[in-house]
Amino acid sequence: MSYCRLLCLVPVGLLLGCSQQPTRIEAPSWDPDGFADEILTKLDANSDGSLAFAELAPAPGLVFGAKYIDTDGNKSLSREELMARFQLYVERRLGLTSKQMQLLYKGRPVPGAKLKLVPEFFLAELIEPAAGETFADGTVDPVTEGMELPGMRVGYYKVVVESSPRVKLPAKYASADTTTLGVEVAPFDSDPETYGTIKLNITD
């Protein structure tokens, strides 16, 4: 990789090319009201206007991030809490961010696994998937599909994992329809699980 190319790899919303001309990676058009309505319409099984944590299972990305949305600590997500979380996304106006993850199975790193991060249903038409392959220590730096620039979109994702050549993983993780692994790539660093290297723990 050339020195010029290395200089181009800047993991922030505003990226500078080697020509010194700024290239703005625009933030998606976040819609807090629309997201909250879509999430409740699909997941609120008992139609009580809020989501118990158990109702989040079809959206593992929300399962991962639920405790940060649940600001009153009652183990359910209200429409207002969902909207408030996405309003933070609006305020941050982040185009791309660099985020490292580490894939673990039974507490041990999984090398050589191909990951695909699939946007949750309410973001599917707004943000792009990301993908990457784990290194020997199980870490991976996902890159947004279709972009040459490094980094990925913030948001909620299902995590799909193809078995590593060295580690056989449960088959359910190989499909977006059956995976129970999810993640939030947050636009802020106030949540411990989303700051630094995110641990993705596969279970049987």
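Modeller: A residue is called buried here when its relative accessible area is under 20%, and exposed when that area is over 50%. Pro170 has a relative accessibility of 17%, so Pro170 counts as buried. The model is a predicted one.

The setting comes first. The protein chain contains four helices and 13 strands. Of its 204 residues, 46% are buried. Among contacts between residues at least 6 apart in sequence, 65% join residues at least 24 apart. The chain exposes about 10400 Å², and carbon and sulfur atoms supply 53% of that area.

With neighbours within four places in sequence left aside, Pro170 is in contact with Tyr105, Ile202, Thr203 and Asp204.

Strands of a sheet pair through backbone hydrogen bonds, either parallel or antiparallel.

Strand β10 includes Thr144, a residue that is buried, with a relative accessible area of 1%. Apart from neighbours within four places in sequence, Thr144 is in contact with Leu96, Glu128, Pro129, Ala130, Gly151, Met152 and Arg153. Further along the order, β8 (residues 130–133) and β7 run antiparallel and are joined by four bridges. Strand β7 spans residues 114–119 and pairs with β11 over six bridges, again in the antiparallel sense. Lys114 illustrates both pairings: Lys114 stands opposite Glu133 in β8, while its bridge partner in β11 is Glu162. Finally, β11 and β12 pair in the antiparallel sense over four bridges; Gly155 has Val185 in β12 as its bridge partner.

How many residues of β11 are buried? Seven of its eight residues are, and the strand is thus mostly covered. One of the elements that pack against this region is helix α3, whose buried residues pack against β11 and β12, and also against α2, β4, α4 and β13.

Helix α3, residues 60–69, is itself mostly covered, with eight of its 10 residues buried. These are Pro60, Gly61, Leu62, Phe64, Gly65, Ala66, Tyr68 and Ile69. Not counting residues up to four places away in sequence, Leu62 touches Ile39, Leu43, Leu56, Ile69, Glu120, Phe122 and Tyr156.

In soluble globular proteins, nonpolar side chains tend to be buried together. Here the largest nonpolar core has 47 residues, and Leu62, Met101, Leu103, Val161, Val183 and Leu200 touch the most other members. Helices α2, α3 and α4 and strands β5, β7, β11, β12 and β13 each supply at least two residues of this core. Helix α2 gives the most, with five residues.

With 12 residues, α2 reaches 16 Å from its first C-alpha to its last, close to the 16 Å expected at 1.5 Å a residue. Its buried residues are Pro32, Phe35, Ala36, Ile39, Leu40 and Leu43. They cover an arc of only 125° around the axis, which puts them on the same side of α2. An α-helix has 3.6 residues a turn, so residues three or four places apart point the same way. On the other side of α2, Thr41 and Lys42 are exposed. The buried residues of α2 pack against β3, α3 and α4.

Definitions and conventions: Residues are numbered from 1 along each chain as its sequence is written. This is a predicted model: local features need pLDDT of at least 70, side-chain atom pairs count only at pLDDT 80 or more; totals for chains, interfaces and linings use all residues. Side-chain values use heavy atoms; hydrogens and water are left out. Buried means under 20% relative accessible area, exposed over 50%, partly exposed in between (1.4 Å probe, protein chains only). Contact means heavy atoms within 4.5 Å. Two strands pair if DSSP finds at least two bridges between them. Accessible areas come from the Shrake-Rupley method with a 1.4 Å probe; for residues, only the protein chains shown count as cover. A nonpolar core is a set of buried Ala, Val, Leu, Ile, Met, Phe, Trp, Tyr and Cys residues joined through side-chain atoms within 4.5 Å. The expected span of a helix is 1.5 Å times one less than its number of residues. The arc is that of the directions from the helix axis to the C-beta atoms.
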